[in-house]
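Hi everyone, thanks for coming. I'd like to walk you through one structure today, so let's get it up on the screen.

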Amino acid sequence: MNFVEHIVDHLRSGQINNYPQPIALNLGLVYTVKLEDRKTNLFWLPFEFTGLAYIDTGQLVNVHPYYRGVIIEEIEFSRGTDLHKPQTEEAFIKAIFQKSWEMHKLLQQEKYASLQGNAPDFLTKMLYITDWLRYYNSVITVGVGKKIG
């Protein structure tokens, strides 16, 4: 299963309750929220506002970087119809490094200059997000608890 998109199955199945207010996941390792458009789900590092934006178009999901509180729609990590999207952790890390130069150029433009970001900062934070995805994707539900009463 796709390393980046695996989490969308959990959103759709209701395993992650995503409300229009921030929710801490996995003891606050990452926060999530569903935006008002009801299509975009953000996953970001605590207090960093850097992570991933999952935009659900129905059958397909597009994944963009969420950096310093802004969704960077010019850069795609995964497009629903793209046969070459990263399927593994290694492929995702490679995509992060490749896209970081595009991110660097965007951050120099007037539209994103106010973010005062840079590629090393972006890469560091995205590697933290990768660590969390690795952790999240490896978690296995052991069984359903029984209510005693």
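So, where is the place of Ser 78? Ser 78 sits in the loop that lies between β6 (70-71) and α2 (89-108). Before I go on, keep in mind that this is a predicted model.

Next up: is Ser 78 buried or exposed? Its relative accessibility is 1%, and buried means under 20%, so Ser 78 counts as buried. What's around it, then? If we leave aside the neighbours within four places in sequence, Ser 78 is in contact with Asn 2, Glu 5, Val 61, Asn 62, Val 63 and Lys 85. With Glu 5 there's also a polar contact, side chain to side chain, at 2.4 Å.

Val 63 takes us over to the strands. Val 63 is in β5, where it is the bridge partner of Tyr 54. Strand β5 covers residues 61-67, and it runs antiparallel to β4, with 6 bridges joining the two. They form a hairpin with 4 residues between them, and in that turn Gly 58 has a positive phi of about 115 degrees.

Now look at the other partner of β4. Strand β3, residues 40-44, pairs with β4 as well, again antiparallel, over 5 bridges. Here Leu 42 has Ala 53 of β4 as its bridge partner. This hairpin has 6 residues between the strands, and Phe 47 takes a positive phi near 65 degrees.

And how many residues of β4 itself are buried? Of the 6 residues in β4, which spans 51-56, 5 are buried, so to speak mostly covered.

Methods. Residues are numbered from 1 along each chain as its sequence is written. This is a predicted model: local features need pLDDT of at least 70, side-chain atom pairs count only at pLDDT 80 or more; totals for chains, interfaces and linings use all residues. Side-chain values use heavy atoms; hydrogens and water are left out. Buried means under 20% relative accessible area, exposed over 50%, partly exposed in between (1.4 Å probe, protein chains only). Two strands pair if DSSP finds at least two bridges between them. A polar contact is a pair of N or O atoms within 3.5 Å; within protein, one must be able to donate a hydrogen and the other to accept it, and residues adjacent in sequence count only if both atoms are side-chain atoms. Contact means heavy atoms within 4.5 Å.
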